[in-house]
Amino acid sequence: MDVEAAVARRLAQAAGVPGCLEVPEEMPDSFISVEQIGGGGSMFEPCRLAVDCWAKKKERKKARALAESVAAAVADLDEEANFFHPEVTNLYRQNDPDTGRSRYIVQIQIWVCE
């Protein structure tokens, strides 16, 4: 199972924005990107993921609103087959240093049993 792809699909649909695994060269005004940042080595260790919530440069409030929408949708990830106990572990602002675009990061963890 591709945990990153499943999370990107579900959260993008809930937030109403495109979801990606890589930041696209032609970036939409708002979108999310999902990256596994740790864990998931077995069913005894949760997957930890970072969901970057992007908005245009100087649109911090839009990026924050997107992050809050994503965070609210995390609980519904347990509707995905083999996902258990999804939770938000952190939410913080970190603008992209290369582009200056507004970005909030929602860190989550999910137990995966496949």
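**Entry 1: Glu79 and Arg10**

I looked up the partner of Glu79 in this predicted model and found a salt bridge with Arg10, in which the closest N and O atoms are 3.6 Å apart. I then located both residues: Glu79 lies in the loop between helix 2 and strand 4 (83-93), whereas Arg10 lies in helix 1. The pair therefore links distant parts of the chain, 69 residues apart, since a salt bridge requires a side-chain nitrogen of Lys or Arg within 4 Å of a carboxyl oxygen of Asp or Glu.

I also noted the accessibility of each partner. Glu79 is exposed, at a relative accessible area of 55%. Arg10 is partly exposed, at 26%.

I asked which residues are linked with this pair in a network of salt bridges. The network consists of Arg9, Arg10, Glu79 and Glu80.

**Entry 2: Lys56 and Asp29**

I next examined the side chains of Lys56 and Asp29, which meet in a salt bridge of 3.8 Å from N to O. I recorded Lys56 as partly exposed, with a relative accessible area of 36%. Asp29 is likewise partly exposed, and its relative accessible area is 46%.

**Entry 3: Arg64 and Glu68**

How far apart in helix 2 are Arg64 and Glu68? I found them four residues apart, which is about one turn of the helix. They form a salt bridge whose closest N and O atoms are 2.8 Å apart. Arg64 is partly exposed at 33% relative accessibility, and Glu68 is partly exposed at 42%.

**Entry 4: The nonpolar core**

I then turned to the largest nonpolar core, which has 28 residues. Those with the most contacts inside this core are Val7, Leu11, Ile32, Val51, Val70 and Ile108. I listed the elements that give two or more residues to the core: helix 1 (3-15), strand 2 (31-39), strand 3 (47-57), helix 2 (60-73) and strand 5 (101-112). Helix 1 supplies the largest share, seven residues. I noted for context that nonpolar side chains tend to be buried together in soluble globular proteins.

**Entry 5: Val7**

Which residues does Val7 touch, if those up to four places away in sequence are not counted? I found Val34, Leu49, Leu77, Phe83, Ile108 and Ile110. One of these, Ile108, is also listed with Val7 among the residues with the most contacts inside the core.

How values were computed: Residues numbered from 1 in each chain as written. Predicted model: local features only at pLDDT ≥ 70, side-chain atom pairs only at ≥ 80, totals over all residues. Heavy atoms only, no water. Core = buried A, V, L, I, M, F, W, Y, C linked by side-chain atoms within 4.5 Å. Buried < 20%, exposed > 50% of the residue type's maximum accessible area, 1.4 Å probe, protein only. Contact = heavy atoms within 4.5 Å.
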